[in-house]
Amino acid sequence: MPYFIVLEGLDGVGKSTLARRLASECGYQLTTTPGTHLLPIRSDIINGLGNSQTARALFYAATVQAEGEKARGFNKQGKTVVMDRYRASTIAYAHERGVTLDLSAMLSQAVKPHLSILLTLDEAERQHRLKQRGTTAEDIETLNPEFREGVVSRLKAMCDIELDLTGANEEEAVLLVRQCINRHLILG
């Protein structure tokens, strides 16, 4: 059976790396929000929306809807999908940025993943990774403990399972995620 698997979490925990590795090693279809076509112009769109967090949240909500429909299409073709961020991140980040729209209701018709995994990491390790890769403007807000804790709290409430990758190297992290998927989907 083809599955729709989502990796959620803060910037720097390894979502993108692990999603790429799973796609490559397991033959999964890799997707992301805002989507591969919009990713190169995301900054232009976000900047074009100005300081309106509501407008930015609506943009990301639209990409969740579109990418979810693509994931469903891949599933119908018999392909398992692994997605780097989806509905939970869109809602959690928007709420912590002060957006008051009911994004949960707006995205209630979005395709539901078979499994959403919240990837977590010791904060010192996460910040070290951010510095190594080059901290972006988007990363900076997660350095604020109140903002970070709010996002993580919402993600925990919306994801199916939390997987702590603290201390795991890339190979070990891939193995841990694969074991999590097998335990909760393949064997479950």
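Residues are numbered from 1 along each chain as its sequence is written, and side-chain values use heavy atoms, with hydrogens and water left out. In this predicted model, local features need pLDDT of at least 70 and side-chain atom pairs count only at pLDDT 80 or more, while totals for chains, interfaces and linings use all residues.

**Exercise 1. Check the span of helix α9 and find which residues it buries.**

Step 1. Helices (H or I, at least four residues) and strands (E, at least two) are DSSP runs, numbered from the N terminus. Helix α9 covers residues 170-186, which is 17 residues.

Step 2. The expected span is 1.5 Å times one less than the number of residues.

Step 3. Buried means under 20% relative accessible area, exposed over 50%, partly exposed in between (1.4 Å probe, protein chains only). In α9 the buried residues are Ala173, Val174, Val177, Cys180, Ile181 and Leu185.

Step 4. Down the axis of α9, these residues fall within an arc of 125°, so they line one face of the helix. The arc is taken from the directions from the helix axis to the C-beta atoms. An α-helix has 3.6 residues a turn, so residues three or four places apart point the same way.

Step 5. Contact means heavy atoms within 4.5 Å. The cover over the buried residues of α9 includes β1 (4-8), α1 (15-26), β4 (115-120) and β5 (161-164).

Step 6. The N-terminal end of α9 is capped by Asn169: a side-chain oxygen lies 3.0 Å from the backbone nitrogen of Glu171.

**Exercise 2. Classify the aromatic pair of Phe4 and Tyr86.**

Step 1. Rings of Phe, Tyr and Trp (its six-membered ring) pair if their centres lie within 6.5 Å; planes under 30 degrees apart count as stacked, over 60 as edge-to-face and the rest as tilted. The structure holds three such pairs.

Step 2. Phe4 and Tyr86 lie 5.1 Å apart, centre to centre, with 75° between the planes: edge-to-face.

Step 3. Phe4 sits in strand β1 and Tyr86 in the loop between β3 (81-84) and α4 (87-96), 82 residues apart. Both are buried.

**Exercise 3. Decide whether Thr142 and Met106 are buried or partly exposed.**

Step 1. Thr142 lies in the loop between α7 (137-140) and α8. At 0% relative accessibility, Thr142 is buried.

Step 2. Residues touching Thr142, beyond four places in sequence, include Leu10, Tyr93, Glu123 and Phe147.

Step 3. Met106 belongs to helix α5 (residues 103-106). Its relative accessible area is 43%, so Met106 is partly exposed.

Step 4. Beyond neighbours within four places in sequence, Met106 contacts Leu58 and Leu101.

Key: A polar contact is a pair of N or O atoms within 3.5 Å; within protein, one must be able to donate a hydrogen and the other to accept it, and residues adjacent in sequence count only if both atoms are side-chain atoms.
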